[in-house]
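Good morning, and thank you for joining this meeting.

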Amino acid sequence: MSSEEIRRRAAALGPWFHNLDLNGVWTAPEHFLGDYPAVKWRRFAQAIPADLSGRSVLDIGCNGGFYSIEMKRRGAARVLGIDSDEAYLAQARFAADVTGQAIEFRRLSVYDIAALGERFDIVLFMGVLYHLRHPMLALDLIHEHAARDLLIFQSMQRGAAELEPVREDYDFEETKPFDRPGWPKLHFIEQRYAHDQTNWWVPNRACAEAMLRSAGFEISAHPEEEVYICRRVAAPEGAGAVYPMRGPSA
């Protein structure tokens, strides 16, 4: 494709949230976060194996396909990107085609990943948690049905960045720990945040880390402020996904 044809088709698929370099054509050059997500990727790329030969990758909430493409460039044998938004999937398919990467993309919610019926060596869960009404359920489902080894996790964080030890148990009368900056907090957004009605829950750092551990993911590295490299381990007692029955509507 000529640069003009790429530019024309990219514009027709816009607006883009991922600023991708498609043979010299940038999809979101005026992004409010700058060269995003490349600017974030450069801060933690070294924490992911440079050679992914033979490995499978699941990119949950793949958006325009930036991370899926990067995983394929590192030699991953199979990359599957899923998203619930067909517009993003169309962008991702186009970007993969232009960059010459054989990547599969499917329309699928994180809540339905059990339907894939397989586990992946690496699961990317980048910038999705705070868009979910049921964030802990998503982590539980990833642990139970999708992750074989590594989870690469990223979430927007707000509130205090402090970490402090949390005891295994507290008496009912102890209320002060909840007011400490380092207590795990998940902030609920009833209306909008950053003009986005899909922003529902935003953790502080302590909460992000506690949620990962609670779902059965051991944090092995924290290479970037919002990014965690985790390994799947046995889930703690009491953990696990719930499966509400979908009955007929009233």
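**Salt bridges and backbone features**

The side chain of Arg 42 meets that of Asp 35 in a salt bridge, with N to O at 3.7 Å. By salt bridge I mean a side-chain nitrogen of Lys or Arg within 4 Å of a carboxyl oxygen of Asp or Glu. Before I continue, please note that this is a predicted model, in which local features need pLDDT of at least 70 and side-chain atom pairs count only at pLDDT 80 or more, while totals for chains, interfaces and linings use all residues. Residues are numbered from 1 along each chain as its sequence is written, and side-chain values use heavy atoms, with hydrogens and water left out.

How accessible are the two partners? Arg 42 counts as exposed, at 53% relative accessibility, whereas Asp 35 is partly exposed at 24%. The terms are used as follows: buried is under 20% relative accessible area, exposed is over 50%, and partly exposed is in between, with a 1.4 Å probe and protein chains only.

The structure holds 16 salt bridges. One of them joins Arg 106 to Glu 104, whose closest N and O atoms are 2.7 Å apart. Arg 106 is partly exposed, with a relative accessible area of 31%, and Glu 104 is likewise partly exposed, at 32%. Another salt bridge links Arg 167 with Glu 174, and here the closest N and O atoms are 2.8 Å apart. Arg 167 has a relative accessible area of 45% and is partly exposed; Glu 174, at 26%, is partly exposed. There is also a network of salt bridges that links Lys 40, Arg 43, Glu 224 and Glu 226.

Which residues form a negative surface patch? They are Glu 168, Asp 169, Asp 171 and Glu 173. A patch is made of residues with over 30% relative accessible area and no salt bridge, where like charges are joined within 9 Å and nonpolar side chains (Val, Leu, Ile, Met, Phe, Trp, Tyr) within 5 Å. Lys and Arg count as positive and Asp and Glu as negative, with His and the chain ends not counted. Asp 171 is exposed, at a relative accessible area of 53%. Helices (H or I, at least four residues) and strands (E, at least two) are DSSP runs, numbered from the N terminus.

I turn now to the aromatic rings. A search of the whole structure finds 11 aromatic pairs. In one of these, the ring centres of Phe 17 and Tyr 36 are 5.5 Å apart and the planes stand at 65°, so the pair is edge-to-face. Phe 17 belongs to the loop between helix 1 (3–13) and strand 1 (21–22), and Tyr 36 to the loop between strand 2 (25–26) and helix 2 (38–44), so the pair ties together parts 19 residues apart in sequence. Phe 17 is partly exposed at 30% relative accessible area, while Tyr 36 is buried at 11%.

A further pair is formed by Trp 41 and Tyr 67: the ring centres are 6.0 Å apart and the planes at 70°, so this pair is edge-to-face. It links distant parts of the chain, with Trp 41 in helix 2 and Tyr 67 in helix 3 (residues 66–73), 26 residues apart. Both partners are hidden from the probe's reach by the cut-off given: Trp 41 counts as buried at 7%, and Tyr 67 counts as buried at 6%. Trp 41, Phe 44, Phe 66 and Tyr 67 form one aromatic cluster. Most residues other than glycine have a negative phi, and most peptide bonds are trans. The peptide bond from Gly 14 to Pro 15 is cis, with omega near 0°, and Pro 15 is in the loop between helix 1 and strand 1. Tyr 36 and Pro 37 are also joined by a cis peptide bond, with omega about 10°; Pro 37 lies in the loop between strand 2 and helix 2.

Where is Asn 63 found? Its place is the loop between strand 3 (56–60) and helix 3. Asn 63 has a positive phi, near 55°, and is buried at 10% relative accessibility. His 195 has a positive phi too, near 65°, and is exposed at 76%. The loop that holds His 195 runs between strand 8 and strand 9 (201–203).

Key:
Accessible areas come from the Shrake-Rupley method with a 1.4 Å probe; for residues, only the protein chains shown count as cover. The place of a charge is taken as NZ of Lys, CZ of Arg, CG of Asp or CD of Glu. Rings of Phe, Tyr and Trp (its six-membered ring) pair if their centres lie within 6.5 Å; planes under 30 degrees apart count as stacked, over 60 as edge-to-face and the rest as tilted.
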